[in-house]
Amino acid sequence: MKSRFLFALASAALFAADLAQEGVRWWSHVEVLADDKMEGRNTGSEGHRKAAQYVAGEFERGGLRPAGTSGYIQPLKFNVKQLDEPASSLAIVRNGKVTPLVLGDDASFSVRADLAPSVDAPAVFIGHGLVIPEKGIDDFAGLDLKGKIAVYLNGGLSSIPSALKSHYSSAGERWKALQKAGAIGIASIANPRSMDIPWERARLARLNPTMSAADETLSETRGEQFAITVNPAQAERLFAASGHTFAEMLKLADSDQPLPRFPLNFNFRARTKIDRTQVESQNVAGVRPGSDPALKDEYVIFSAHLDHLGIGEPINGDRIYNGAMDDASGVASLIEMAILMKEQNLHLKRSVLFLAVTGEEKGEQGSLYFAHHPTVPKKGIIADINMDMFLPLFPLKYLEVQGLDESTLGDDIRAVCKPAGVEVQADKEPDRNRFIRSDQYSFIKEGVPALAFKFGWIRGTPEEKIFQDWIKNRYHAPSDDLWQPVDKTAAAEFNRILLALGERVANAQDRPRWKPDSFFRRFAQTE
Ligand SMILES: [Zn+2]
C-alpha cells in the first residue's frame with residue numbers, strides 16, 4: 001500500500017503528501033461526527049446541531065469565511081410527519097372481498113407523500129412506469145389512470161441511458177407525469193435483484209418521522225394522496241386477478257424485456273393518520289475566496305451531507321445509526337480539504353464553497369433548500385462536487401464517477417486521476433439511480449454541472465465482495481459506525497484527488513459545461 005504519494009499541482013510544485021498521516025486526521029473528524037454522542041445526527045436533532053457546531057468550528061480553523069445566514073450556519077425549517085400505524089390500515093378490495101395487508105410485512109406507507117386520510121381507488125400495473133419522450137417510451141399509453149393508483153416495478157430497460165432513466169425515475173419527475181395522467185397515488189415494488197436494503201431492514205425504518213422543507217413550493221409530490229412500497233416477496237397477491245403473475249414480470253425485467261401493462265382488478269383501500277410537528281435544522285457553509293478579480297464571484301461547491309438517520313429501531317442491540325460512511329466521511333473530507341488548502345496556502349482564481357447540508361436522508365432537502373436559497377449569488381455557482389458515502393474500504397485503484405459523461409467535469413476528473421494512477425469508471429449499477437440520489441441532483445436541477453463518487457472495483461474481485469457486503473450489511477444500519485474496517489490512507493488519497501479536481505475547475509479559464517448530448521443540459525439557465 002502506498003503511504004507516500006506524489007501529486008502535481010497546477011502551481012507546478014511537486015510535493016509528497018504523507019497520506020497515512022492525512023488519513024488519520026481525516027478519520028479523527030469521522031470519529032467526532034459518528035460518535036454515539038452525536039446520536040446519529042438526525043435532521044433537526046440536538047446531535048445534528050452539535051455536529052453542525054463542530055463543522056462550523058473546523059471551517060473556521062480551516063480559514064474559511066462564514067457563508068451561512070447566521071455565521072457559518074444556514075438554519076431551515078422542516079415539517080415533520082409520522083405515521084400513527086395502529087390508527088392506519090391498508091387493504092385490497094376485490095369483488096367486495098376485503099383482504100387486509102399487514103403494514104411493515106406486506107407493504108409500508110411512504111409518509112413523505114401527501115397522504116389523504118382515506119383512499120379507495122383501483123390499481124393498474126404500469127410496467128416500469130416510465131415516460132421518456134426522448135426514447136419514445138410511454139408506459140402510460142393506452143391506459144386510463146384517472147383517479148387510479150399506479151403500481152410499478154422499479155428499474156427499466158438497459159437500452160435507456162442511465163442518466164435519463166435516473167431522472168425520469170426520480171420521485172418528483174415520476175409523480176409529475178402520473179399526476180398529469182390523472183393518477184392519485186403510487187405503489188412501487190422493488191426488483192429484489194437491485195434492492196439496496198433488504199425488506200427486513202427497510203421495514204424497520206417505516207415508522208421514522210419523515211421531513212420535508214416547510215417551504216411547500218419545494219415539495220415534489222404535492223397531490224400524491226396514496227404512496228406505498230410493496231414487499232416484493234408478497235407482491236404476487238396483487239396480480240392474482242390480473243391474468244399475469246409477478247414472477248412473470250420479474251422474469252421479463254431480468255431478461256431486459258418490455259413489461260406488459262394491465263388493470264389489476266382490485267382497489268387499494270387505505271386509512272392513514274399522520275402526526276405533524278416542525279423542527280429546525282442546519283446547513284453549514286464556508287467560503288475560501290477566489291483570488292482573480294474577474295472570477296472570484298464564481299463558486300465551485302464541495303458538498304457532503306451532515307445528517308444521518310438518528311436513533312431508530314435496534315439491530316443487534318444497537319439503536320444509534322452513526323452514519324460513519326454515510327456521510328460523516330464526506331463531511332470529514334470537506335473539513336480536510338479546507339485545512340489542506342490553508343496549509344498549502346492555495347489561492348485559486350474562483351471561490352470555493354464548502355457546504356455541509358442537512359436533510360439528505362429526508363430526500364435531499366437541505367441541498368434543495370440551499371439551491372433555491374443560496375447564500376452566494378445563484379448564477380455564480382458553476383459546479384457541485386459532491387461526496388456522499390464514497391466508501392474507502394480498500395485501496396483506491398478505481399474511482400467510479402457518477403455523471404462522468406454528462407459534463408466537462410468528467411474530463412477534469414479523468415485528467416486528475418491519470419497522473420495519480422487511478423482509473424476512472426462509469427456508474428456500474430445505473431439501476432440504483434445513484435446520480436440522482438444524492439445532493440448533487442439539487443444543483444443539477446438548477447443547471448449546475450456536478451459529479452459524485454464511489455471507490456471503484458472490478459467484477460468478481462474481493463473488492464466487489466467487500467463493497468456488496470457493505471451495502472447489504474452496513475448501509476443504513478447501526479453497524480455503519482466507528483468499528484468497521486476503513487482504508488484511511490486511501491481516503492486521504494481520495495481527498496487529494498478531489499482537491500486537485502477542485503483546483504483544476506476553480507482555475508480553469510472557462511466554467512464547466514454540460515456535454516451537448518447530455519440530457520441534463522436542458523436544466524442549464526445559460527448556455
Ligand atoms: Zn444515506
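Predicted model: local features only at pLDDT ≥ 70, side-chain atom pairs only at ≥ 80, totals over all residues.
Residues are numbered from 1 along each chain as its sequence is written, and side-chain values use heavy atoms, with hydrogens and water left out.

- Helices (H or I, at least four residues) and strands (E, at least two) are DSSP runs, numbered from the N terminus.
- Strands count as paired if DSSP finds at least two bridges between them.
- Strand 4 (residues 73-83) pairs with strand 16 in the antiparallel sense, over 11 bridges.
- Strand 20 (residues 351-357) also runs antiparallel to strand 16, joined by 5 bridges; here Gly286 sits opposite Phe354.
- Strand 3 (residues 65-66) is antiparallel to strand 16 (residues 274-288) too, with 2 bridges, and Pro66 has Gly286 as its bridge partner.

**The nonpolar cores**

- A nonpolar core is a set of buried (under 20% relative accessible area, 1.4 Å probe, protein chains only) Ala, Val, Leu, Ile, Met, Phe, Trp, Tyr and Cys residues joined through side-chain atoms within 4.5 Å.
- The largest one has 78 residues, and Val55, Val284, Phe354, Ile413 and Phe453 touch the most other members.
- Helix 7 (residues 324-343) supplies the largest share of this core, 12 residues.
- A second, separate core has 49 residues, including Leu115 and Phe262.

**A look at Phe354**

- Leaving out residues up to four places away in sequence, Phe354 touches (heavy atoms within 4.5 Å) residues including Phe59, Val284, Gly286, Leu334 and Met341.

Definitions and conventions:
Buried < 20%, exposed > 50% of the residue type's maximum accessible area, 1.4 Å probe, protein only.
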